[in-house]
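Trainee: Please pick one part of this model and take me through its packing closely. Then show me what lies around it.

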Amino acid sequence: MRPGPGHEAARAGPFLGWGQSNEVRVEGMGVMPVAIITGASRGLGRALAAALAGRGWDLVLDARTAVVLAETAGELSALGGRVVALPGDVTDAAHRKELVAAAQGLGGLDLLVSNASALGAEPLVRLEELMLDGLRQALEVNVVAALGLVQESLPLLRASESGTVIAVSSDAAVEAYETWGGYGASKAALDHLAAVLAAEEPELRVWAVDPGDMRTELYAAAVPGDESGRPEPETVVPAFLRLLDVRPASGRYAAPALLEAK
Ligand SMILES: NC(=O)c1ccc[n+]([C@@H]2O[C@H](COP(=O)([O-])OP(=O)(O)OC[C@H]3O[C@@H](n4cnc5c(N)ncnc54)[C@H](OP(=O)(O)O)[C@@H]3O)[C@@H](O)[C@H]2O)c1
């Protein structure tokens, strides 16, 4: 939470987390937390954005497909907080600047969620067939752009009382599944960036979060025709909310374990 106009008056006691615990909305004071969520037009990004909007968070959302993003933003803005939807590609430095400027326009930045992701090959293929340009694309979106957005966001995150970065990871970052090598390598790199960022920025919380398999377009593109019934992304969101409420130490967390611990 950013210190801001009316901030002290709005808070009863020390910061306890982002639940409904000690946060008091002060009409017109703009004291609710602000998040940037990339890849928020559908899937996990959208589900998390909806949950935060329901808690009154102000949101800056992105995705490349403007019409889908606008539709999502329209629905989410009915839930509570302010929603700024900026279509664009996270690999575009000017777009990343625009996302952070929009957060600043909402009063600051408390949470950055790097959720937009590329597979590198659709469907996934074994390493012997993986196009090197596909691997470059996965690294560009999942690692380089994620770091670029962190770099752009750091001044605002450091100014927040509770600056937080969530890097959406995958079990493919730690398990050697056939065909998931390029994507998994990019998520492993993302995990490592998150771990080093946590060491370098001890005042922030930096969580790499493996959401577990979910029924989304990304999963369908990775493994077409899979009928094994993955859970909906909404079922994973409580794990993210738990992190925000409890604020454990920076580190790597898996959503299924967080959900079991509830
Ligand atoms: N689904 C799973 O089983 C699973 C498992 C483990 C981890 N994950 C991770 O969970 C996260 C969310 O995945 P999901 O399954 O919810 O995917 P999804 O439903 O396919 O949604 C992906 C979102 O990211 C946007 N996007 C993609 N590339 C982008 C780019 N370059 N710039 C900006 N936005 C971009 C998409 O919109 P546009 O296409 O319009 O840009 C969409 O809004 C990802 O980090 C993924 O790696 C997923």
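Mentor: Helix 5 passes helix 6 in a right-handed crossing. Right-handed means that the near helix is turned clockwise from the far one by less than a right angle, and left-handed means anticlockwise. Helices here are DSSP runs (H or I, at least four residues), strands are E runs of at least two, and both are numbered from the N terminus. This is a predicted model, so local features need pLDDT of at least 70 and side-chain atom pairs count only at pLDDT 80 or more, while totals for chains, interfaces and linings use all residues. Residues are numbered from 1 along each chain as its sequence is written.

Now the geometry. Helix 5 covers residues 132-159 and helix 6 covers residues 181-200; they pack at an angle of about 20°, with their axes 8 Å apart. Because of that angle, helix 5 is roughly parallel to helix 6. The cut-offs are under 35 degrees for roughly parallel, over 145 for roughly antiparallel, 65 to 115 for roughly perpendicular, and oblique for the rest. Axes are lines fitted to C-alpha atoms, for helices over the stretch in contact, and angles run from 0 to 180 degrees between N-to-C directions.

Which residues of helix 5 and helix 6 make the contact? Helix 5 brings G134, L135, A138, L139, N142, V143, A146, L147 and V150. Helix 6 brings G182, Y183, S186, K187, A189, L190, L193 and L197. Contact means C-beta atoms, placed from the backbone, within 7 Å. By class, the contact of helix 5 with helix 6 has 12 nonpolar, four polar and one charged residues. Nonpolar covers Ala, Val, Leu, Ile, Met, Phe, Trp, Tyr, Cys and Pro; charged covers Asp, Glu, Lys and Arg; the others, Gly among them, are polar.

Helix 5 has another partner. Helix 4 (residues 93-105) crosses helix 5 at roughly 25°, and their axes come within 9 Å. That angle is why helix 4 counts as roughly parallel to helix 5. This crossing is right-handed. On the helix 4 side, the contact uses A93, R96, K97, L99, V100, A103 and Q104. On the helix 5 side, it uses G148, L149, E152, S153 and L156. Six nonpolar, three polar and three charged residues make up the contact of helix 4 with helix 5.

Stay on helix 4 for a moment. H95 lies there. Beyond its neighbours within four places in sequence, H95 is in contact with G88, D89 and V90. H95 and D62 are 33 residues apart along the chain, yet their C-alpha atoms are separated by 9.2 Å.

Seven strands form an open sheet with parallel pairing, in the order 3-2-1-4-5-6-7. Strands pair when DSSP finds at least two bridges between them. Strand 3 (83-87) and strand 7 (251-254) are the edge strands, and each pairs on one side only. On average, neighbouring strands of this sheet are turned by 15° against each other, direction ignored. Strand 2 (residues 58-63) pairs with strand 3 in the parallel sense over five bridges. A63 has P87 of strand 3 as its bridge partner. Helix 3 (residues 66-77) packs on the sheet and touches strand 2 and strand 3; its direction makes about 175° with that of strand 3.

One more helix pair. Helix 2 (residues 43-54) and helix 8 pack at an angle of about 50°, with their axes 10 Å apart. Therefore helix 2 is oblique to helix 8. Their crossing is right-handed. A47, L48 and A51 in helix 2 meet V237, F240 and L241 in helix 8. The contact of helix 2 with helix 8 has six nonpolar, no polar and no charged residues.

P238 sits in helix 8 (residues 237-246). P238 is partly exposed, because 15 other C-beta atoms lie within 10 Å. P238 touches L259 and K262, not counting residues up to four places away in sequence. P238 and A51 are 187 residues apart in sequence but 8.7 Å apart in space, C-alpha to C-alpha.

Last, the whole chain. The chain has nine helices and seven strands. Of its 262 residues, 45% count as buried.

Conventions. A residue is buried if 20 or more other C-beta atoms lie within 10 Å of its own, exposed if 12 or fewer, and partly exposed in between; C-beta atoms are placed from the backbone. Two residues are in contact if their C-beta atoms, placed from the backbone, lie within 7 Å.
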